[in-house]
Amino acid sequence: MRVDIFTIFPGIFESPLRESLLGKAIETGLLDVRVHDIRGFATDRHRSTDDEPYGGGPGMVMKPEPVVAAVESLGPDRGRTILLSPAGRRLDRDLVHELAAEPWLVLVCGRYEGVDERVVEVLPAEEVSIGDYVLSGGEVPTLVVLEAVTRLVPGVIGSEGSHERDSFEEGLLDHPHYTRPPEFRGMRVPEVLVSGNHAEIERWRREAALEKTRRNRPDMLPDG
Ligand SMILES: C[S@@+](CC[C@H](N)C(=O)[O-])C[C@H]1O[C@@H](n2cnc3c(N)ncnc32)[C@H](O)[C@@H]1O
């Protein structure tokens with residue numbers, strides 16, 4: 001999968017793209033991630049990427065020309081293009097799977113009060129939100145999308161785990177997990193997990209997942 005990221009703060013991506021699973025996937029060539037500095041596409045003397053809002057009010061707005069020029073530098077056949085925005089379609093399990101099926105994603109990070117509204121139509125781009133709260137920029141939301149989507153790219157999570165049993169995949173939260181020691185601060189690991197009876201363990205995990213979902217996310221259940 002190829003991913004092109006457009007930002008005015010490319011440094012934010014340095015260590016997240018170097019470490020852990022993302023870093024490994026990039027190093028082994030499973031992912032081709034390219035970070036572009038929008039500022040490099042600004043044409044005025046000061047390389048400005050923002051300006052005052054029409055109509056007045058506080059804050060600045062990202063100018064359309066550098067953002068559009070930056071994304072258009074990828075050519076007309078570029079991948080599915082997403083502008084991170086709190087006003088976008090909310091990212092969830094289904095959208096993550098949809099995006100993971102794409103061979104090429106283009107992710108555009110806003111800053112300030114956001115990006116000039118015309119950019120969405122001109123590119124065109126879809127607006128995607130990571131939740132009903134506002135961050136200061138699209139860089140962390142881009143990393144959220146990147147990490148959620150690339151977990152589904154075959155080979156990325158490798159032997160470290162399988163996404164099929166993750167929360168939301170089967171309409172439930174994940175079951176609780178335990179590791180050594182068998183007793184910690186007076187709390188023992190559920191006996192069934194050390195029984196070696198795989199059918200019983202499966203049944204316990206299903207029940208525990210249901211119980212956890214009922215407790216933490218009743219809205220996910222049909223009667224919730
Ligand atoms: C301070 S925010 C702009 C908020 C905007 N004035 C609003 O209220 O909708 C600046 C940038 O951060 C990013 N951003 C902030 N919160 C986000 C969220 N929940 N999901 C996706 N992107 C977000 C977007 O790229 C946005 O353009």
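Q: Where is Arg 185 placed?
A: Arg 185 sits in the loop that runs between β8 and β9 (187-188). The model is a predicted one.

Q: What is noted about phi of Arg 185?
A: Phi of Arg 185 is near 50°. That is a positive value in a residue other than glycine.

Q: Which other residue has its phi noted in this way, and what is the value?
A: Phe 168, with phi near 80°, also a positive value in a residue other than glycine. Phe 168 belongs to the loop between α5 and β8.

Q: What makes Phe 168 partly exposed?
A: Buried needs 20 or more other C-beta atoms within 10 Å, and exposed needs 12 or fewer. Phe 168 has 16 within 10 Å, so it falls in between and is partly exposed.

Q: How do you know whether Gly 131 is exposed or buried?
A: Gly 131 has 12 C-beta neighbours inside 10 Å. The limit for exposed is 12 or fewer, so Gly 131 counts as exposed. Gly 131 is in the loop between β7 (126-129) and α5. Its C-alpha atom is separated by 9.2 Å from that of Pro 141, ten residues apart along the chain.

Q: What puts Arg 203 in its exposure class?
A: Arg 203 has 12 other C-beta atoms within 10 Å, so by the limit of 12 or fewer it is exposed. Arg 203 is part of helix α6 (residues 198-216). From Val 192, eleven residues apart in sequence, Arg 203 is 9.8 Å apart in space, C-alpha to C-alpha.

Q: Which peptide bonds are called cis, and what is omega there?
A: One joins Leu 123 and Pro 124, with omega about -15°. Another runs from Arg 180 to Pro 181, with omega near 5°. Pro 124 is in the loop between α4 (118-122) and β7, and Pro 181 is in the loop between α5 and β8 (183-184).

Q: Why is the protein called more spread out or more compact than a globule?
A: The protein has six helices and nine strands. Its radius of gyration is 22 Å, while the globule rule gives 17 Å for 224 residues. The value is well over the rule, so the protein is more spread out than a compact globule. Along its principal axes the C-alpha trace spans about 70 × 40 × 35 Å.

Q: What is known about the domains?
A: The domain assignment gives domain 1 (2-159) and domain 2 (162-220). Their C-alpha centres lie 35 Å apart.

Q: How much of the protein counts as buried?
A: Of the 224 residues, 24% count as buried.

Q: Which residues of the largest nonpolar core touch the most other members?
A: Phe 6, Val 67, Ile 82, Leu 107 and Val 108, out of 35 residues in this core. At least two residues of the core come from each of β1 (2-7), α1 (20-27), α2 (64-72), β5, β6 (104-108) and α5 (139-150).

Q: What does Phe 6 touch?
A: Leaving out residues up to four places away in sequence, Phe 6 touches His 36, Ile 38, Val 67, Ala 70, Val 71, Val 108 and Cys 109.

Q: Which residues come nearest to the ligand?
A: Leu 84, Gly 110, Gly 114, Gly 138 and Pro 141, of the 20 residues around the ligand. Strand β5 (residues 80-90) gives the most to this shell, with four residues.

Q: How does the shell around the ligand divide by class?
A: The shell has ten nonpolar, eight polar and two charged residues.

How values were computed: Residues numbered from 1 in each chain as written. Predicted model: local features only at pLDDT ≥ 70, side-chain atom pairs only at ≥ 80, totals over all residues. Near = placed C-beta within 6 Å. Nonpolar A, V, L, I, M, F, W, Y, C, P; charged D, E, K, R; others polar. Domains from an automatic or database assignment. Core = buried A, V, L, I, M, F, W, Y, C linked by C-beta atoms within 7 Å. Contact = placed C-beta atoms within 7 Å. Rg over C-alpha atoms; globule rule 2.2 N^0.38 Å.
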